[in-house]
Amino acid sequence: MSVFYRKLNHPYPRIVRGEGCWLIDERGKRYLDAVGGAYVANLGHSNPEIAEAIAQQAREFGYLSGTMFTHGPVEELAAEMADTLPGDLSKLYFLCSGSEAVEAALKLARQYWIERGKPSKQRIIALGPGYHGSTLLALSASAREAYKTMFRPWLVDVHRIPASYPYRCECGGKSPTCPVCSGAVLEEAITRLGAENVAAFIAEPVGGSSTGGSTPRPEYFKRVREICDRHDVLFVADEVLVGVGRTGTWWATEPYGVAPDVMTFGKGVSGGYAALSGIAVPDRIVDAIANGSGNFLHAQTFSHHPVACAAGVATMRYLKQHRLVERCARMGRVLHERLRPLADLPHVGDVRGRGLLAGIEFVEDKASRAPFPRSAKFAERFAQAALDAGLTVWPNVGHADGTTGDLVMVAPPFIIEEQEIDEIVSRFAVALETTRAHDGHRA
Ligand SMILES: Cc1ncc(COP(=O)(O)O)c(C=O)c1O
């Protein structure tokens, strides 16, 4: 075997086919893909319309450089997406991965302030827990100590403030005056750093893996918006995980009634049929560069890739034609109603989320919310038990205090049916039983 796998010394099931929400391995075992791989396969697997759109584009031309030419798929994708964007976001720049989109968004923020004659604005503020990717600037913005320690000498000093995480906040997310849950901590941070030094604040509008689908208070992002406006700080919404419908609206910032200055997206934007991500920005930011240097300093070979954009166009049209974002909101309500009883099971501390995004947090002791020791590897063992039971979930660790904390995420394709949701719940219970059974002294 010549593949350098991510997890070494680990046997991977070999998938040979996908059907809707299901993946089938070479032995015929069926896996209910309850997290769309990594919050990606939003249309389900083997969608013939997307496959045809990709093939058709590849037959016309596969690649051309985005610095030399424009083409149909990139123009159509920008138009399809522009229809859905919040606020004054209007221009789209396409890349491949979420990490690249975050790099581009933060570099754009820096370039914008330089072009505006404010070169001292270079600090970035980000949340902890939080995740924005694995390339060095995106990793710097992420609060994942275990991923960062080895690379510390290469990382940028990003200023961290606590994320709204109601389950682990003293106020339980209920107090409008809590500095963390109200967003007031952002203002303190900007004041401490000096607004003249701060370029951008980056945040996930609904927590992804890092806070397990935690949703800030309804007024949180209004406060953030107002603070950013007052201090001339760009608000970057990282919608890589929660965007393109995942939380039941096109963009997760929508229910807060605010729009960011820069938005990143990725994952589900092509339904996973091609590596596609990007940033959305308003004319006022693009114009600052157009009227200055005239060149966005973030070139990548595969930006505006024709085949990836064709996959994106087909995905956007499929989502619109089949009203799948509305369906995501509707099925999201069903998902949360059916998941709720899991909270009665041993070690399930909290079940939360929005739309077809749910986080289930495990604790050793439900009354005190004390997490398992990290050595128990509860989330990892649960995810493996779920896979054995034919269910994919996404585990996350470390959110309780930077080291401990175990949760898993569920984020099924938008085409999921009610009986498949029931199947998620029953397989989840089986996996929990297995995890506990192998944990004799603890359970
Ligand atoms: C919120 C968020 N931003 C950025 C990224 C990085 O995306 P990618 O893994 O495609 O580089 C992720 C990945 O999980 C993410 O969840």
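**Helix packing and ligand surroundings**

Colleague: Which residues of H12 meet which residues in H14?

Modeller: On the H12 side they are Met331, Val334, Leu335, Arg338 and Leu339, and their partners in H14 are Glu418, Ile421, Asp422 and Val425. Contact here means heavy atoms within 4.5 Å. Six of these residues are nonpolar, none is polar and three are charged. Nonpolar covers Ala, Val, Leu, Ile, Met, Phe, Trp, Tyr, Cys and Pro; charged covers Asp, Glu, Lys and Arg; the others, Gly among them, are polar.

Colleague: Before we go on, what sort of model is this, and which pLDDT is needed?

Modeller: The model is predicted: local features need pLDDT of at least 70 and side-chain atom pairs 80 or more, while totals for chains, interfaces and linings use all residues. Numbering starts from 1 along each chain as its sequence is written, and side-chain values use heavy atoms, without hydrogens or water.

Colleague: Back to the helices. At what angle do H12 and H14 cross?

Modeller: Helix H12 (residues 324-339) crosses H14 at roughly 30°, and their axes come within 10 Å. H12 is therefore roughly parallel to H14. Angles under 35 degrees get that label, over 145 is roughly antiparallel, 65 to 115 roughly perpendicular, and the rest oblique. Axes are fitted to C-alpha atoms over the stretch in contact, with angles from 0 to 180 degrees between N-to-C directions. Helices are DSSP runs of H or I with at least four residues, and strands are runs of E with at least two.

Colleague: And H13 against H14: how far apart are the axes?

Modeller: The axes of H13 (residues 378-388) and H14 (residues 418-437) are 8 Å apart, at an angle of about 125°. H13 is therefore oblique to H14. From H13, the contact draws on Phe378, Arg381, Phe382, Ala385 and Ala386; from H14, on Phe428, Ala431, Leu432, Thr434 and Thr435. By class, that contact has seven nonpolar, two polar and one charged residues.

Colleague: How do H4 and H10 pack, then?

Modeller: H4 (residues 98-115) and H10 (residues 283-290) pack at about 60°, with axes 9 Å apart. The two are therefore oblique to each other. Leu108, Gln111, Tyr112 and Glu115 of H4 make the contact with Arg284, Ile285, Ala288 and Ile289 of H10. Five of the residues in the contact of H4 with H10 are nonpolar, one is polar and two are charged.

Colleague: Change of topic. Which residues are around the ligand?

Modeller: They are Ser97, Gly98, Ser99, Tyr131, His132, Gly133, Glu204, Asp238, Val240, Leu241 and Lys267; each has a heavy atom within 4 Å of the ligand.
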